[in-house]
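Dear colleague,

Please find below the structure that I am handing over to you. My notes on it come directly after.

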Amino acid sequence: MKLNRHQKREQTRQRIILGLFELMLEKNYADITVKAICKQANVSRMTFYRNFHTKEEVIKSQFEMVYGYFIQRLSTQKYLAFYDVATIFFTLIKENKLMMEALVQNNLTNLLLESLSTYIKTLVDQQILITREQSSQFLVAMISGGLTEVIVVWTKNDMQQSVEELVIFASKYMHLK
C-alpha cells in the first residue's frame, strides 16, 4: 500500500522522535546534536528542520501525540469516572515507558510537568475531570505536579507497581470526583 504525503510525513516525524528518545537513553540530552538525531532516524537535516525547530519541540510533539491517544481512548467511554480516566492515563504512560525513562534519565521532567499542566487545565475546563472544589491555578498545579512526581517515582521503580495500584493511589489523594 502506497503512503500518501501526510502518512509519509507522520512516519518521518515518528522516526525523528524515536531517534531522539533512543539517543537520550544512550547519552545526555545536552550532548545530542540534530546531526546525531538525523543519523539515528536516517533523515537529512533539512527533513528534521522541515518537521521540527528544536529538540525540545520533538519531545513536546511526542507528548501531544500521547495526549491525542489519551483523548481518543476517553472518547470511546460513555461515562467517565475518575477511575476510568486514571486507568487510561497510567496505561498510556506505561505504554510509553521508553519516553519516561529517557525524560527521567535526562532530568527533563520539567517538560512533562509543563505539558501535563496544560492538559490537566484543558480536561478540567472541559469538565472531563470534575474537581471537588472550584478549579484554580493552584489546584491544576497540585494535580499536574503530583502526577509528574508519581510518574517519576514509578519510572525510577521500573514501573513495577500495577496501573491499578496507581489508580487507587491517585483516587485517594487527588481532589477529583
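The following paragraphs set out what was found.

This is a predicted model, in which local features need pLDDT of at least 70 and side-chain atom pairs count only at pLDDT 80 or more, while totals for chains, interfaces and linings use all residues. Residues are numbered from 1 along each chain as its sequence is written, and side-chain values use heavy atoms, with hydrogens and water left out.

The average pLDDT (the predictor's confidence in each residue, from 0 to 100) is 90 for the protein, and 95% of the residues score at least 70.

The protein has nine helices and zero strands; these are DSSP runs, H or I of at least four residues for helices and E of at least two for strands, numbered from the N terminus. Confidence is highest in helix 2 (residues 34-41), with a mean of 98, and lowest in helix 9 (residues 163-173), with 89.

The largest nonpolar core has 57 residues, of which M24, I59, F70, F90 and L103 touch the most other members. Such a core is a set of buried (under 20% relative accessible area, 1.4 Å probe, protein chains only) Ala, Val, Leu, Ile, Met, Phe, Trp, Tyr and Cys residues joined through side-chain atoms within 4.5 Å. Helix 5 gives the most to this core, with eight residues. Beyond its neighbours within four places in sequence, L103 is in contact (heavy atoms within 4.5 Å) with F21, M24, I59, F63, L108 and T109.

Buried residues account for 43% of the 177 residues in the protein.

With kind regards

Conventions. Buried means under 20% relative accessible area, exposed over 50%, partly exposed in between (1.4 Å probe, protein chains only).
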